[in-house]
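Here are a few notes to read alongside the model.

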Amino acid sequence: MTGKILVSACLMGHAVRYDGRSKPLVHPAIERWREEGRLVTICPEMSAGMVVPRPPAEIADGASGEDVLAGAARVMEITGGDVTAEFRQAAENALALAQETGCRYALLIDGSPSCGSGFIYDGTFSGGRHAGNGVTAALLKQAGIEVYSGGEIDRLIERLAAAD
């Protein structure tokens, strides 16, 4: 067995999303990986001290997690609060945990300004979205960790089979 998987806590059924809910990913591979001891669960935002529930947040102006990491974009709450520092800390906490536990892969919830990897919301709080990475997904990718969204679990299964 090669490599552990960092996984979004909300995908594991933990009620940690901004709205106080979870979004469990139901797939036979999840239980198998849990039994194998491969899964390392984190909610990056909670690791940075953010509460549940909390106001929705999006990366402003259609920017990306890479832009936030470069200091060129902000993460804003619908209420107008700037939570950029918290999201940067969340990403650093997730990366540190991944590195400490030997995670070579990450399975993250899509759409999140932290964990999104296929798409993120555009910063208008209107439901508009675009291709891009959230702050945590961007930092993990920059560190060489392979990031998959919940919708890409079959690709991750294939990748792990090839690596084992």
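This is a predicted model: local features need pLDDT of at least 70, side-chain atom pairs count only at pLDDT 80 or more; totals for chains, interfaces and linings use all residues.

Residues are numbered from 1 along each chain as its sequence is written, and side-chain values use heavy atoms, with hydrogens and water left out.

1. Let's begin with helix 4 itself. Helix 4 covers residues 84-101, 18 residues in total, and its first and last C-alpha atoms lie 26 Å apart, close to the 26 Å expected at 1.5 Å a residue (that is, 1.5 Å times one less than the number of residues). Helices here are DSSP runs of H or I with at least four residues, strands are E runs of at least two, and both are numbered from the N terminus.

2. Next, its two sides. Thr84, Phe87, Ala90, Ala91, Ala94, Leu95 and Ala98 are the buried residues of helix 4 (buried means under 20% relative accessible area, exposed over 50%, partly exposed in between, with a 1.4 Å probe and protein chains only). Viewed down the axis of helix 4, these buried residues fall within an arc of 130°, so they line one face of the helix; the arc is taken from the directions from the helix axis to the C-beta atoms. Ala85 and Glu100 are exposed on the other side of helix 4.

3. Helix 1 (residues 28-36) is worth a look too. Its buried residues include Ala29, Ile30 and Trp33. They span an arc of only 105° around the axis, which puts them on the same side of helix 1. Pro28 and Glu35 are exposed on the face turned away from that buried side. Helix 1 is followed by glycine 37, with a positive phi near 75°.

4. Finally, please check aspartate 82, which sits in the loop between strand 4 (75-77) and helix 4. Aspartate 82 is partly exposed, with a relative accessible area of 37%. Not counting residues up to four places away in sequence, aspartate 82 touches Arg74, Val75 and Met76 (contact means heavy atoms within 4.5 Å). The C-alpha atoms of aspartate 82 and alanine 60 are separated by 9.9 Å, and these two residues are 22 residues apart along the chain.
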